[in-house]
Amino acid sequence: MDRLVAIGAQAAATAGEQQRRLQTGGVSRLGLADEAYVRDLYRRYAPVRVHLMALADLAAGERDVERPSPLQLAALSGQQLTATLLAALAQPFAPIVRMSIETVIAERAGEMTPPARRQQLFRLATPSWSVERARLPEGGAHLVRLQVMGVPDRNQTLFDQEPMLVSTNDPYRLVALVVVAGAPQSALTQHDQYQAAMDGMRGQTPLYVLPTFLAEGNQAELAFALGSIFGLIRSQGTYFYYQPSDPLQNPVRLGNGLGNAIKTLAAQEVLAREALDRVDSQIARLGLQKAIETLTAYYTAVPDGRTKLDDAMRELKQQVRQYTDELRQIDAFSSGLDQWPGAGEQ
């Protein structure tokens, strides 16, 4: 009896937690598993009695008894007894598990019709931003509003009159998505506050783009070429290896052959970014003019062959030449600052 009381208390706590999870969420949500309806389902399907004999015998490891005695049930651990009870109750309550969201909506149509449910759902699915209509050209006549409804199966649904339906294959949920597009950012209700905050940050930190997310079409080629020039990438035979900044770490094998090594580096964006950052540090220590001389010597030695390797080398040298030209612009700008009256004063 003590074990049964404990199992009942645990079941009540678990059911309460499940009920709370059904009724909460990070987005707007309506739940049909309200307490009254759950009680009604329980009364509808709860069995008068449950036969535990076969399950108890199986849990106790006995096959030759016709009916379990209380002692046999008492011999089960609390976990075994819980599993035995839940398994026995699974069959009478199985019809509830098979109920879909649309089955419940149809069953409760007397409380609210399916069209009314649909309207209620889309009222919650409002866009997450608001606009000032007076700031919109022609009062927002050109805004585009899209409403999409997700149902378990679009080919068999209570909402077949909905203009935009998608199948979610989730039998327990309906999903409503509303998108309003076409408004300029200046029409947002809080645009003025946002603009003021942005102006206050200007000059202090980059806005919108962080260096980690900068992407270039030939970033991997540039990282490979610069890494090779500054000794971060070396070859042993036909294999290429990247040496991490920690000399105690094993080199990272990039691949067999130039093309495969560049492809491997392209697939590892973090590694490519690390190589470029280390090159930037080396250039800062070396000085721009010395770095420009080193890079210029690399790309001016042009291969004159027509093999795939020669073509690949020419592409690498083009990337390095473009990078060197950017360094020259930075060097010229820095030199101009040094010659400006008052340079060095703070």
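Modeller: A definition first: two strands count as paired if DSSP finds at least two bridges between them. Please keep in mind that this is a predicted model.

Colleague: Understood. Which residue stands opposite glutamine 147?

Modeller: Glutamine 147 has valine 178 of E3 opposite it. Strand E1, residues 144-151, and E3 pair in the antiparallel sense, with 7 bridges between them.

Colleague: What is the strand order in the sheet that contains E1 and E3?

Modeller: The order is E2-E1-E3, in an open sheet of 3 strands with mixed pairing. Strand E2 (165-167) and E3 stand at the edges with a single partner strand each, so one side of each has no neighbour in the sheet. Neighbouring strands here are turned by 25° against each other on average, direction ignored.

Colleague: How do E1 and E2 run, parallel or antiparallel?

Modeller: They run parallel and are joined by 3 bridges. Valine 151, for instance, stands opposite serine 167 in E2.

Colleague: And the side chains of E3: which ones are buried?

Modeller: Ala176, Val178 and Val180 point to one face and are buried.

Colleague: Which helix lies across E1 and E3?

Modeller: That is helix H8, residues 114-124, which runs at about 125° to E1.

Colleague: How many bridges join E4 to E5?

Modeller: There are 4 bridges between E4 and strand E5 (residues 239-242), and the two run antiparallel. Serine 235 has phenylalanine 240 in E5 as its bridge partner.

Colleague: Staying with H11, which of its residues are buried?

Modeller: Leu258, Ala261, Ile262 and Leu265 are buried in H11. They cover an arc of only 95° around the axis, which places them on the same side of H11. In general, an α-helix has 3.6 residues a turn, so residues three or four places apart point the same way. On the other side of H11, Lys263 and Ala267 are exposed.

Colleague: At what angle do H11 and H12 pack?

Modeller: The angle is about 100°, with the axes 5 Å apart. The range for roughly perpendicular is 65 to 115 degrees, and H11 and H12 are therefore roughly perpendicular to each other. Leu265, Ala266 and Ala267 of H11 make the contact with Glu269, Leu271 and Ala272 of H12. By class, this contact of H11 with H12 has 5 nonpolar, no polar and 1 charged residues.

Colleague: Now some single residues. What is the phi of asparagine 169?

Modeller: Asparagine 169 has a positive phi of about 60°, although it is not a glycine. Most residues other than glycine have a negative phi. Asparagine 169 sits in the loop between E2 and E3, and at 66% relative accessibility it counts as exposed.

Colleague: Is threonine 324 buried or exposed?

Modeller: Threonine 324 counts as buried, at 0% relative accessibility. It lies in helix H14, residues 308-339. Leaving aside neighbours within four places in sequence, threonine 324 is in contact with Ile292, Leu295, Thr296 and Tyr299.

Colleague: One last item: where is alanine 46 found?

Modeller: Alanine 46 is in the loop between helix H2 (35-45) and helix H3 (53-60). Its relative accessible area is 29%, so alanine 46 is partly exposed. The C-alpha atoms of alanine 46 and phenylalanine 93 are separated by 7.1 Å, with the two residues 47 apart along the chain.

Technical notes: Residues are numbered from 1 along each chain as its sequence is written. This is a predicted model: local features need pLDDT of at least 70, side-chain atom pairs count only at pLDDT 80 or more; totals for chains, interfaces and linings use all residues. Side-chain values use heavy atoms; hydrogens and water are left out. Buried means under 20% relative accessible area, exposed over 50%, partly exposed in between (1.4 Å probe, protein chains only). The arc is that of the directions from the helix axis to the C-beta atoms. Axes are lines fitted to C-alpha atoms, for helices over the stretch in contact, and angles run from 0 to 180 degrees between N-to-C directions. Contact means heavy atoms within 4.5 Å. Angles under 35 degrees count as roughly parallel, over 145 as roughly antiparallel, 65 to 115 as roughly perpendicular and the rest as oblique. Ala, Val, Leu, Ile, Met, Phe, Trp, Tyr, Cys and Pro count as nonpolar, Asp, Glu, Lys and Arg as charged, and the others, Gly among them, as polar.
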